[in-house]
Amino acid sequence: MSIPDTPPLARSSLHATAARLAAVATALLLVMFLVLSVSRAAFTATTENAGNSISAGDLALTDDDGEAAMFFELTDIGPNDPQVNCIKVTYTGDFDPAMIRFYVPADLAPAGDLAPYLDVKVELGAPASLGGFGDCTGFVPDPTVNLLDPGVVADGTLANMAANKTDYSSGYDAWDPSASDSRVFRFTVEVRNDAGAIGQSATGWGFRWETQTT
Amino acid sequence: MDEFRRPEVGPDRQRRAIRFGLGLGGVFLSTVVLALAVLAAAAPLVPRWEATVVSSGSMEPALRRGDVVVFADHPIEQTGVGTVVVFDGELSAVVHRVVDVNDDGTLVTRGDANRARDSGAVDATELRGAGELVVPFIGLPRVWLAEGRYDLVGAAVAGLALALWSARLTSDAANDPWRGVARPSPATVWLTPLGGQPA
């Protein structure tokens, strides 16, 4: 194994030194080239990756409502007549995102004067909960979330939500997935027993789910 | 000492060549890693420059997880559509691209890989700068640390240690494939009068 007659502190030959220097120089050149080309590709503002194209790091939040409204054309609803519907929200991505939150963005704020008299309660389904858009059969609230009642993640009047829960930073915490994951949300909407609610309406409102990445 | 002067042939020489080749690989690999690390660490020393590590894939394929983005302070008016900006997000610094500029001068941003635009507009107080340079890969251990992937951090450290260790193979004269070629290295010539080991 060991070469017995190696002289102590022998110097490398000129060839060996040259080979080492060449390896270092090649490595440095490669690093320079790499940094410059990657920087150029990232910061040159000529092309943009369209959001709907498939890429390795695609992150998406989707729901199963098929763009339909949750409480479509509910008319003549009185107090003590809660309306219930479910929606399934799916996070698809390769990365661990931040907390998914939901809120009432300005473009989905309610029109009409019913909002202060409309109670909206949102429950988060357990990981294995059944249910989806238009069907809450088999819905099981997530017992680990417990605001007032098991699974409740939001409870208040629509007007209050539209005024205070308007973007990601102010929104309600939904859930924090570690990878691709979906959850069912159960919405319960009820008109308050208040004379001010009579004959009023709330239209064009909705919620938006969002997560943020760095 | 006789063998030292005589050109050698045979399996011994071949083995030395393999060891020396492995060592050169180590020199190359550790130089790449160390040069990237030095670049990433030294960039923030330049006035007005800062650096941040990309921790998610929202800007793929332009920026990948573990890339270090070096950015410089720029007035918000200079960061037009297409600029990659760094701003204070809800949780940490966010590196996204400007896709629109509002009438009030605030920026609308979106990650290249995201379908939706970011919900909040970026104003001058949140804007920290615009991207200047990307140092690829070198921040990965930092991302792994944050995610608790100590196994990957350990593997990276072990890999670098292995590369450094094999780099040493090239400086050991016992592995020198050219050993025995009667040609003094310049170091020998220079060092001998200074009391170095005479060849």
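Q: Helices (DSSP runs of H or I, at least four residues) and strands (runs of E, at least two) are numbered from the N terminus; where does that place Phe137(B)?
A: Phe137(B) sits in the loop between strand E6 (127-135) and helix H3 (140-146) of chain B. This is a predicted model, in which local features need pLDDT of at least 70 and side-chain atom pairs pLDDT 80 or more, while totals for chains, interfaces and linings use all residues. Residues are numbered from 1 along each chain as written, chains are lettered from A and ligands numbered from 1 in written order, and side-chain values use heavy atoms, without hydrogens or water.

Q: Which residues is Phe137(B) in contact with, leaving aside its neighbours within four places in sequence?
A: A contact needs heavy atoms within 4.5 Å. On that basis, Phe137(B) is in contact with Leu34(A), Leu36(B), Gly66(B) and Asp67(B).

Q: What do the two chains look like when read along the sequence?
A: Chain A has two helices and ten strands, in the order α-β-β-β-β-β-β-β-α-β-β-β. Chain B has five helices and six strands, in the order α-α-β-β-β-β-β-β-α-α-α. Of the 214 residues of chain A, 41% are buried, and buried residues also make up 41% of the 199 in chain B. Among contacts with a separation of 6 or more, residues 24 or more positions apart account for 80% in chain A; the figure for chain B is 59%.

Q: What makes a set of residues a nonpolar core, and which members touch the most others in the largest one?
A: The members are buried Ala, Val, Leu, Ile, Met, Phe, Trp, Tyr and Cys residues joined through side-chain atoms within 4.5 Å. In the largest core, of 28 residues, Phe102(A), Val120(A), Val122(A), Phe185(A), Phe187(A), Phe207(A) and Trp209(A) touch the most other members. Elements of chain A that each supply at least two residues of this core include strand E2 (83-92), strand E9 (181-191) and helix H2 (158-164). A second, separate core of 14 residues includes Ala42(A), Ala62(B), Ala93(B) and Val95(B). In soluble globular proteins, nonpolar side chains tend to be buried together.

Q: Why is the aromatic pair of Phe102(A) and Tyr172(A) called tilted?
A: Rings of Phe, Tyr and Trp (its six-membered ring) pair if their centres lie within 6.5 Å; planes under 30 degrees apart are stacked, over 60 edge-to-face, and the rest tilted. There are nine such pairs over all chains. Phe102(A) and Tyr172(A) are 5.5 Å apart, centre to centre, with 35° between the planes, and form a tilted pair. The pair links strand E3 to strand E8 of chain A, 70 residues apart, and both residues are buried. Trp175(A) and Phe185(A) also form a tilted pair, at 6.0 Å and 55°.

Q: What makes the link of Cys86(A) and Cys136(A) a disulfide?
A: A disulfide is a pair of cysteine sulfur atoms within 2.5 Å. The sulfur atoms of Cys86(A) and Cys136(A) are 2.1 Å apart, and theirs is the one disulfide over all chains. With 120° about the S-S bond, the link is right-handed. Cys86(A) lies in strand E2 and Cys136(A) in the loop between E4 and strand E5 (146-147) of chain A, so the pair ties together parts that are 50 residues apart in sequence. Cys86(A) and Cys136(A) are both buried.

Technical notes
Buried < 20%, exposed > 50% of the residue type's maximum accessible area, 1.4 Å probe, protein only.
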